[in-house]
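This briefing walks through one protein chain, topic by topic, for a reader who wants the cut-offs stated beside the terms. The sequence and the structure come next.

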Amino acid sequence: MIDPVSLADLTCRLQRAPAFSDPVGAVGTVLSDVVAAPEEAADATSKLAVATPEGTAVFVTVSGDGNPDLVARGVRKLTKIRRKLSDHYAEPIVEPLETGEFEGRSFAIWPMLGQLPQGRLSRYLTKRGLRVKVMEWLSGMLAETKVPAGAQEQSRIAANLARLSEDAAHSDLLRRAADAAGERLATGRWAPVNCAQHSDLWMGNVMMSGPSAAMPFGVIDWAGARSAGYPFFDLCRFAISSNAPSKLVDEHIARQLRVLHGERADVTSYVLCALGEMQSDLEHFPEEMFRAMAEETTVFARQFSQ
């Protein structure tokens, strides 16, 4: 992580950098203190909110010492996913205004999007509307990015499912579900597909877009995204974080299964695919937090797999 002194220096240096000032003008006042990610967090970036003299607010993310390419890697991932999508479904994937490198650490400058309203009633109503829109967007992304998993990818899936099954630190429920998914794959009862996957889709990464946008939201933080990810993982994680009603979740699971020509058992199998892939490369994701998330998501997915 970057300490406060070097972050202050970073701010001054960025104010003078052409790459920073060109898209939005010279950077003015720092609007908020630096939000440095705690050591146990999966996201190792540091963040600054700044404003131009004209009052335009922007957001800067800077990679940490331990993963200096993290921000640049996230930008490459979201760019790759956007290229697979029509303009309509690409719109919520927020692009940086500028990218660059500072003392070996990648950084990106982003437009400042709005947060959910603070009032209890207005926040509830906005959140309820967003749940539907985000789930519709996920179904559209699935339809536009799905591709059959090839032989090499299926071998990778089998290895990841075996890793989950053999890991005694996971619950018996998760391990048995991984066993069942592996058997379905091995016997040909399930032919998986890949699709775009955000990997950390929760309400905190969904922001309000401007009035001219076709979709009312934008999605940030694509550091863990995969252009060849798996269906249902993002849907389950977003549904959990947004307290989505079971009926709404079930409707969108049924919609995505129609796109995949799949069956209910596929839901848990795909979620385990995503979890197995994540466990193979946790990076800054603390293992204990991952296991808790894996258990929660598996239990949730199983509700809709019958």
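Leaving out residues up to four places away in sequence, Pro-216 touches Leu-130, Lys-133, Met-207, Met-208 and Ser-209, where contact means heavy atoms within 4.5 Å. The model is a predicted one, in which local features need pLDDT of at least 70 and side-chain atom pairs count only at pLDDT 80 or more, while totals for chains, interfaces and linings use all residues. Residues are numbered from 1 along each chain as its sequence is written, and side-chain values use heavy atoms, with hydrogens and water left out.

**The chain as a whole**

- The chain has 11 helices and 10 strands; these are DSSP runs numbered from the N terminus, with helices being H or I of at least four residues and strands being E of at least two.
- Of the 306 residues of the chain, 47% count as buried, a term that means under 20% relative accessible area, with exposed meaning over 50% and partly exposed in between (1.4 Å probe, protein chains only).
- The accessible surface of the chain comes to about 14,400 Å², and 52% of this belongs to carbon and sulfur atoms; the areas come from the Shrake-Rupley method with a 1.4 Å probe, and for residues only the protein chains shown count as cover.
- Among contacts between residues at least 6 apart in sequence, 70% join residues at least 24 apart.

**Around Pro-216**

- Pro-216 is found in the loop between β8 (206-208) and β9 (217-219), and Pro-216 counts as partly exposed because its relative accessible area is 32%.

- Two strands are taken to pair if DSSP finds at least two bridges between them.
- Strand β6 (residues 147-148) pairs with β7 in the antiparallel sense over two bridges, and Pro-148 stands opposite Val-193 in β7.
- Strand β7 (residues 193-197) is mostly covered, since five of its five residues are buried.
- Two bridges also join β7 to strand β10 (residues 226-229), and these two strands run antiparallel; Cys-195 has Gly-229 in β10 as its bridge partner, while Gln-197 stands opposite Arg-226 in β10.
- Ser-227 has its place in strand β10 and counts as buried because its relative accessible area is 18%; not counting residues up to four places away in sequence, Ser-227 touches Lys-80, Ile-81, Lys-84, Cys-195 and Ala-196.

**Salt bridges**

- The structure holds 10 salt bridges, each being a side-chain nitrogen of Lys or Arg within 4 Å of a carboxyl oxygen of Asp or Glu.
- One of them joins the side chains of Asp-167 and Arg-291 (2.8 Å, N to O), and this pair links distant parts of the chain, with Asp-167 in the loop between α6 and α7 (172-186) and Arg-291 in helix α11 (residues 287-302), 124 residues apart.
- Asp-167 counts as buried because its relative accessibility is 14%, and Arg-291 is buried with a relative accessible area of 18%.
- Another salt bridge is formed by Glu-296 with Arg-237, the closest N and O atoms being 2.9 Å apart; the pair links Glu-296 in helix α11 to Arg-237 in helix α8 (residues 233-241), 59 residues apart.
- Glu-296 is partly exposed, with a relative accessible area of 38%, whereas Arg-237 is buried at 18%.

**A buried charge without a salt bridge**

- Glu-153 lies in helix α6 (residues 151-166) and is buried yet has no salt bridge, the nearest side chain of opposite charge being that of Arg-156, 4.7 Å away; for charge, Lys and Arg count as positive and Asp and Glu as negative, while His and the chain ends are not counted.
- Apart from its neighbours within four places in sequence, Glu-153 is in contact with Asn-194 and Tyr-230.
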